[in-house]
Every structure is written in structure tokens, then in C-alpha cells.
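Let's take a friendly walk through a protein model together. Have a look at the picture below, and then we will start with its inside.

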Amino acid sequence: MAGMTMLTDTELNRYARHIVLREIGGDGQRRLKAAYVLLIGAGGIGSPAIQYLAAAGIGRLAIVDDDSVDLSNLQRQTIYGTADIGQPKATTAAAAALRLNPGIEAVPHATRVTAANVVALLAGVDVVIDGSDNFATRLLVADAAHAARVPLVSAAVGQFEGQLGVYRGWEPDRPCYRCLVGDAPDRADASCADQGVLGPVTGILGTLAALEAMRAIVPFGEDGAGKLLLVDLLGLRFRTIAVPPDPACPVCGAQAPV
């Protein structure tokens, strides 16, 4: 994280409801201002995450998405409007973030995450949120984040359900993403287009992802690493389970390459 910067009078007013919180305060808000967050995917999860991170005063947001806005996105991707159909998501989302808060920097990357660019995308990042829509990208981002020691907030949704985890597998007794999912690069993905998803489900999980990214920057409350939040919104149930590190994990286990 970059060196702490002072808050202007305007920022003291804008973020007053944060600053008055004992767990955040002025020091925490300065940490948010100095932070650099990378968002993978500007869709259902990324859309609310971008809005809340921009509003919170995260100093720099990088938004990665190679897709364009489609009419079918608008039922859940609330950062976009009808006039944005056909426009690149990354640049449109970055512009929306700056409309919400012109005091931040929003950097669009209208590209797909690949093995060739993931290391560069993660350079200097304090925390990465993965809201991508395919498992191959999730594995790529998770492995690269682990190698770079960048905390990973991973959120996923489907129909009326979602899950959220925070991964820092380089720390003792903390799992990495592969401790949860194993080594399954050919895993089939069930897309929202195939199965459907209720709009507010993405809003809830994306907002929780923003919260966990902020917690990674300004530690408050209980650390979420090593836990998996399972959300069932048909039954309005939230459940948290422990995710222990896997000693045989190919990424963070005892036999993993250093």
C-alpha cells in the first residue's frame, strides 16, 4: 500500500460516516484512499462492488472485463443503464465509478485475464476481487494472487445462492483457493445464462465482496480468511463454514514449489 496521504476537508465531509466509526476512523479512511484494488469482472458481482468501493474512497480501482454491455445484463448489473448497451463494460464501469466519486482513480482494462497478463495486472495491488464467470479464470487469478501474496476475495453466484471466501494461503493455517476447489481445470461451468440468477443475489454477494476488500485494507472485526460464507436466499439462510488448509494442496501445501 502506498504511503498514507492526508484527507482534504471535502473528503473529511464525504467520508464522515466512516471516520466516526471507531473501527475505521481517519487512519482507516486514509488507508482506503491509499489502496489499490483490482476487480476481475464488471458483471453481476463486480457492478455493486465497484459502486461501493468507489463510494468508500478506494484510491485506485482497476476494472478488468473484455465484454460489452448487453440488454440481458441490466436485470442485475446496476452500474449500467439502457444507453450503455453495446459499450465496453470496463470503460463504462470506470466512468460510472468516477461519476460516483471523482476523487478516485478508475483504470479500465478492456481485456481478458490470461497467463500472459495476470502478473502485470496484479502488480502493486493491495487486494483483488474475483467475480469472473468461468472457473478457468478463477484458478488463474487465484494462483497468481497467491504467488504475488495479494489477498483474494472470491465471490460466486447462481440462481438464488452465492458463496464468498477470502484467501491468503501463504500465511500459516490459512487456505488458498485451491484448498477449497482442488485441481480441476476442466471443471464445467453452469452460466447465469443457462441457469438464471435473481438480480439482488448478485447485489448481495458483490456488496459483501466490497466489504471484505475493505476489511483486507483496514482490518476490522473478525478476519474472514479461512471461512466460506454460504448464502441461500430461497431460505434466507447465511452459513459460515471453516475451510482448513489442505496439506496436499499443489499451491500452498507442504509439497508445493517454493
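How do the residues of the lining of the largest cavity divide into nonpolar, polar and charged? There are nine nonpolar, two polar and three charged residues. Here Ala, Val, Leu, Ile, Met, Phe, Trp, Tyr, Cys and Pro count as nonpolar, Asp, Glu, Lys and Arg as charged, and the others, Gly among them, as polar.

Before going on, note that this is a predicted model, where local features need pLDDT of at least 70, side-chain atom pairs count only at pLDDT 80 or more, and totals for chains, interfaces and linings use all residues. Residues are numbered from 1 along each chain as its sequence is written, and side-chain values use heavy atoms, with hydrogens and water left out.

**The cavity**

A cavity is a set of points on a 1 Å grid over the protein atoms alone where a 1.4 Å probe fits but cannot get out; lining residues have an atom within 4 Å of a point. The structure holds one cavity of 30 Å³ or more, and the largest cavity has a volume of about 70 Å³. Of its 14 lining residues, A142, H146, Y167, C176 and Y177 are the closest to the centre. Helix α7 (135-148) and helix α8 (177-181) each supply at least two lining residues, and α7 gives the most, with four. Helices (H or I, at least four residues) and strands (E, at least two) are DSSP runs, numbered from the N terminus.

**Salt bridges**

A salt bridge is a side-chain nitrogen of Lys or Arg within 4 Å of a carboxyl oxygen of Asp or Glu. By this rule the count comes to 14. Three of them are shown here.

| Salt bridge | N to O distance |
|---|---|
| E105 and R60 | 3.6 Å |
| K89 and D67 | 3.7 Å |
| R237 and D232 | 2.9 Å |

E105 lies in strand β3 (residues 105-109) and R60 in strand β2 (residues 60-64), so this pair ties together parts that are 45 residues apart in sequence. Exposure is sorted by relative accessible area: buried means under 20%, exposed over 50%, and partly exposed in between (1.4 Å probe, protein chains only). E105 is partly exposed at 41%, and R60 is partly exposed at 30%. K89 counts as buried because its relative accessibility is 4%, while D67 is partly exposed at 39%. R237 counts as exposed, at 54%.

**A loop residue**

D173 sits in the loop between β6 (161-167) and α8. This residue is exposed, with a relative accessible area of 70%. The C-alpha atoms of D173 and V243 are separated by 9.9 Å, although the two residues are 70 apart along the chain.

Methods. On a 1 Å grid over the protein atoms alone, a cavity is a set of points where a 1.4 Å probe fits but cannot get out, and a pocket is an open set with protein on both sides within 12 Å along at least five of seven lines; lining residues have an atom within 4 Å of a point. Grid points are joined across faces, edges and corners, and a volume is the space filled by probe spheres set on the points.
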